[in-house]
Amino acid sequence: MSDVEVTPGTQAALRQANQQRVIEALRAGGTLTQAELARATGLSAASVSNIVRDLRERGTVSVRQTSSHGRRARGVTLVRPPGAVVGISFSPDRISVALGDGRGTVLARETIAYDVAVGPERGVRRAVWLTETLLGRARAERSMVTAVGVSLPAPVDTTTGEILGVSCLPRWDGYRPSEGLSERIGLPVVVENDANLCALEETRAGVGRGRKHVIYLCLSHGVGAGIIVSGRLLRGAGGTAGEIGHMGLDERGQVCRCGNRGCLETVAGAPYILDMLPRYGDAGAPATVTEMVEAAAVWDPGARRIIAEAGAALGRATAILANAVNPELVIVGGELAAAGELLLEPMRRSMELETLSTALDNLSIVQAELGEEAALRGALRMASSVTEEPE
Ligand SMILES: [Zn+2]
């Protein structure tokens, strides 16, 4: 039977439906040869071959040589039944929840404005409520969901799961969000720092695709970095590698919330840079980094100056990291990254002054591609990896 001819607009949907037929056939039949798959699904041999190749690249099926009726054949087996996963992303001012698959594909999502810094117990309750709302609206059974991945704008101790030290969520210090969430949701929960998840997702599916030595900078309320060396996330002994926000850059600078003076965050973190903006009388100053970036793009010389100084400071801090880990790509993400060249150009200039010229060879600095979706998609992917490991 030949495949139906379709217009390009419906091709993606058809391909997905055909993939689903192959997965269903494997679920029912165990290991099947490609010829058996073609018979079971009614698809052409060429289509089955293409679908199997895609599923194999994605890790959904494994393929090995076998024999069928005395002839060599390729046996196809489902590696694991593809289950749904939930991703939860806490930002300082909102919670986003997504239902998706292990490839980071978002099937449904919900976002609410919420002051996450208020405290962990209430934040967790809100996230659980939002998850239940999402599953209800998507008509998804909780039993379909295999695990939950969580992104938080704070360092996470990889051994205890505790939120650590100075973050933009001081009341979360010492809290174990995986325990609080798992108790209420009844599913395995894994938690990771947002910059780490964004670094992983941008190198898997964003502007850093295929790159192995990458620094991702997350510029939001706080400033953090996700560092990828030889294709692997650098977590460090306790999971706090990349916490660059409190790198001291100016001994006469502003006092930081951590108690030190002149930290990177005091010139690049959202609350500090918004405070620096000149007042404009009745019109009022921009209230968010996004508004500030928009004002700078149009005309605002004060906003431009503050963004340029943030860029220069980020360049100095990144130069220190770059001298140590020799990345090929620096990806700049978070709200402030939307300033584009207004931020990146001064950043490059200060890196040139402070970086070993050998470390700068083959190094580019670019804006992130996936925006705030990166953390949520990274959380989905992390959740799906939980199901791969036997508990
Ligand atoms: Zn500090």
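Asp194 counts as buried because its relative accessible area is 15%, where buried means under 20%, exposed over 50% and partly exposed in between, using a 1.4 Å probe and protein chains only. You'll find Asp194 in helix α6; helices (H or I, at least four residues) and strands (E, at least two) are DSSP runs, numbered from the N terminus. This is a predicted model, where local features need pLDDT of at least 70, side-chain atom pairs count only at pLDDT 80 or more, and totals for chains, interfaces and linings use all residues. Residues are numbered from 1 along each chain as its sequence is written, and side-chain values use heavy atoms, leaving out hydrogens and water.

Who are the neighbours of Asp194? Leaving aside residues within four places in sequence, Asp194 is in contact with Ser151, Leu152, Pro153 and Cys218; contact means heavy atoms within 4.5 Å. Asp194 and Gly224 sit 30 residues apart in sequence, with 8.5 Å from C-alpha to C-alpha.

Not counting residues up to four places away in sequence, Ser89 touches Arg94, Ile95, Ser96, Ser151, Ala375 and Leu376.

Now for the domains. The assignment, which is automatic or from a database, gives the protein chain domain 1 (11-78), domain 2 (84-196 + 376-388) and domain 3 (209-369). Taken over C-alpha atoms, the centres of domain 1 and domain 3 are 47 Å apart.

On a 1 Å grid over the protein atoms alone, a cavity is a set of points where a 1.4 Å probe fits but cannot get out, while a pocket is an open set with protein on both sides within 12 Å along at least five of seven lines; lining residues have an atom within 4 Å of a point. Grid points are joined across faces, edges and corners, and a volume is the space filled by probe spheres set on the points. In the lining counts, Ala, Val, Leu, Ile, Met, Phe, Trp, Tyr, Cys and Pro are nonpolar, Asp, Glu, Lys and Arg are charged, and the others, Gly among them, are polar.

| Space | Volume | Lining | Nearest its centre |
|---|---|---|---|
| Second largest pocket | about 380 Å³ | 25 residues | Arg94, Gly334, Glu335, Gly371 and Glu372 |
| Largest cavity | about 180 Å³ | 21 residues | Pro153, Gly222, Val223, Gly224 and Glu243 |

Where does the second largest pocket lie? It lies between domain 2 and domain 3, because both give residues to its lining. Strand β4 provides the largest share of that lining, three residues. By type, the pocket lining has twelve nonpolar, eight polar and five charged residues.

The largest cavity draws at least three lining residues from each of domain 2 and domain 3. Helix α6 and strand β10 each supply at least two residues of this lining, which divides into nine nonpolar, eight polar and four charged residues.

Finally, the cores. In soluble globular proteins, nonpolar side chains tend to be buried together. A nonpolar core here is a set of buried Ala, Val, Leu, Ile, Met, Phe, Trp, Tyr and Cys residues joined through side-chain atoms within 4.5 Å. The largest one has 39 residues, and Leu217, Leu264, Val332, Leu336 and Leu343 have the most contacts inside it. Helix α10 gives this core its largest share, nine residues. A second, separate core has 33 residues, including Tyr114, Leu135, Ile163 and Ile185.
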